[in-house]
Amino acid sequence: MSDVHLPAPHDPTLDDGPTFVDHLVCGRTDARLDADRLHGVSPDGAPILVRYDLDALGRTIDRDAMARRPPGLWRYRPLLPVRDPSTIVSLGEGETPLLSLPQPPGAAPLYVKDEGRLPTGSFKARGLALAVAMARHFGVRRVAMPSNGNAGAALAAYGVRGGLDVTVVCPRATPAVNRAEIALHGARLLEIDGLIDDGGRFVAAGERRGLWFNVSTLREPYRIEGKKTMGLELAQQLGWRLPDVILYPTGGGTGLIGMWKAFAELRALGWIEGDLPRMVAVQSTGCAPIVRAFEAGAETATRWENPAPTMAYGIRVPAALGDFLILRALRESDGFAIAVDEASIVESLAAAAAGGVLLCPEGAATYAAYRRARADGRIARDETAVLFNCASGHKYPLPVPQSDPFDAHDAHVHDALLDAIEASR
C-alpha cells in the first residue's frame, strides 16, 4: 500500500495578521505604561491592564470575520497582545462547550461553560498560554508561580514545552493529581507548609533576587488577557448577546476581571447587543474575603485568616492582589458575591452529575450559589445564567453516593436478564 499524505491541519497560531496593542495602564491609577517593555506589577503595586486601539481594530475586522476564524483561543488574536506568532506555544486550545442543566418548566435556561475540555484540563490553560507566549516574546528564560494546582500544571505544560525553566510552589495540601502533573511535565515542584499566599511570598523573594520572572496571578499583564477569551467566546456562542448572570468561582479572580474587560471591549467595538451580565463571585464559607468586603461596602478585601479546608481547593485563596478590580466589576455590573458551604457543594456536584454534567468542586460551588440565589430571589426565574466549570471533574476525588437498596423491580429485571442470557446459549 502506498503512503497516504494528509494535508497539515491549519494552525491558527501561525496567523501573522496585525495586533492592536496600544499601551498598558495601572489597574488602580490608570497611569500609562510602555507596552514594549517587560512588566510585573505597576509602580503603584497594582495589576497592569492591556489597552488596545479599538478604533483601528474595528476598521480592520468585524465580528463576523472574527467568527469565521478557526475556533479556539487564538481565534481572538486581534484582541490579544501577542505580536509574533512564533512565540506562541499551542497545545490545541479549542472552544469549550456550553452545556445546559435541567431547569423547572418555565424557568430561563441555565448553562455550564465547561472549561475542563481545555489542555491540562482547566481554564488555567487560557491564561498561561498567553503568559508563556509573552514571556518568550520578552526573552524570559525562567518563570515561577505559586499554585493551588491547576495553574501550576498549566504553567508546567506550556512553559516546559516552550523551553522555559519552570518552578511551581505548592502548599502541601494541593491535590496529588496536580502535584504529579507539575512534576511529570518537567517543572521544578517545591512544596511548602502554608497557603498559596505564603507560596506567593516565596516566589516574590526569588523574583527580587533575580532567580525568575514572577507569573503569579495578576503580577504580570497577560494571564488576564488569556482568561478574557472566556468572555469573548461566550459572547460569540450566544450570538453576540450575553446572559443575564454569570457565576464565577473566585480565588484570585483573574477570569472574572478578564471577562468584564472583554465585555467592555466588545461594547466599545459595537459587537454586542443588550445589557451586560451581572457578575457573581462565588467563594467558600470557609474562605470568603471578597464576599466579606462586598457585603461591608469596602473597596478592598482584608486577608482571610485560617481558611477552612474545602474540596473546592482552587478558591481557597485568603487574599487576592486584584481584589479591588473584582469588587469594582461586581458593583459596576450590579452583581454580588456569595459564599457556599461544603455540604451544598457536595449536593450540587451530585445534582449536576445526575443531569449528565460532571463538575469540578469549584464548578459545583457555582451551581450551589445559583441554587441558593434562585431560592432567595437574587437571581430571578426568568434570568438566563451561565456557570463556569473551571476544570475537569475527572481530576478530583469524587464522592461516592450510597446505592439504593436492591428492590423487587431490580430483582425482576435481574432474573429476566439471566433467563435471556441462558436462552441465547
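Start by selecting Phe388: leaving aside residues up to four places away in sequence, Phe388 touches Lys113, Glu115, Met230, Leu234, Ile246, Leu247, Tyr248, Pro249, Met259, Gly363 and Thr366. Touching here is contact, meaning heavy atoms within 4.5 Å.

A quick note before you click on. This is a predicted model, where local features need pLDDT of at least 70 and side-chain atom pairs count only at pLDDT 80 or more, while totals for chains, interfaces and linings use all residues. Residues are numbered from 1 along each chain as its sequence is written, and side-chain values use heavy atoms, with hydrogens and water left out.

**Stay on Phe388**

Is Phe388 buried or exposed? Phe388 counts as buried because its relative accessibility is 0%. Helices (H or I, at least four residues) and strands (E, at least two) are DSSP runs, numbered from the N terminus. Trp304 is 84 residues from Phe388 along the chain, and their C-alpha atoms are 24 Å apart.

**Zoom out**

Show the whole protein as a cartoon, and you can look for 13 helices and 13 strands. The C-alpha trace spans about 75 × 70 × 45 Å along its principal axes. A compact globule of 425 residues would have a radius of gyration near 22 Å, and the protein's 23 Å agrees with that. That radius is taken over C-alpha atoms, and the globule rule is 2.2 Å times the number of residues to the power 0.38. Of the 425 residues, 55% count as buried. Take the contacts between residues at least 6 apart in sequence: 69% of them join residues at least 24 apart.

**Select residues 21-26**

This is strand S1, and five of its six residues are buried, so S1 is largely enclosed by the rest of the structure. Bring in the neighbours and you get an open sheet of three strands, in the order S2-S1-S3, with antiparallel pairing. S2 and S3 are the edge strands, each pairing on one side only. Two strands count as paired if DSSP finds at least two bridges between them. In general, strands of a sheet pair through backbone hydrogen bonds, either parallel or antiparallel.

Which strand does S1 join through five bridges? That's S3, residues 48-52. Click Cys26 and then Ile48 in S3 to see two bridge partners. On the S2 side (residues 32-33), two bridges make the link. Here Val25 stands opposite Arg32, and Leu24 stands opposite Leu33. Between S1 and S2 there are five residues in the hairpin, including Asp30, which takes a positive phi near 70°.

**Last stop: a parallel sheet**

Now look for four strands in an open sheet, ordered S8-S7-S6-S9, with parallel pairing. The edges are S8 (188-192) and S9 (213-214), each of which pairs on one side only. What stands opposite Val168? Pick Leu189 in S8 and you have found it.

Definitions and conventions
Buried < 20%, exposed > 50% of the residue type's maximum accessible area, 1.4 Å probe, protein only.
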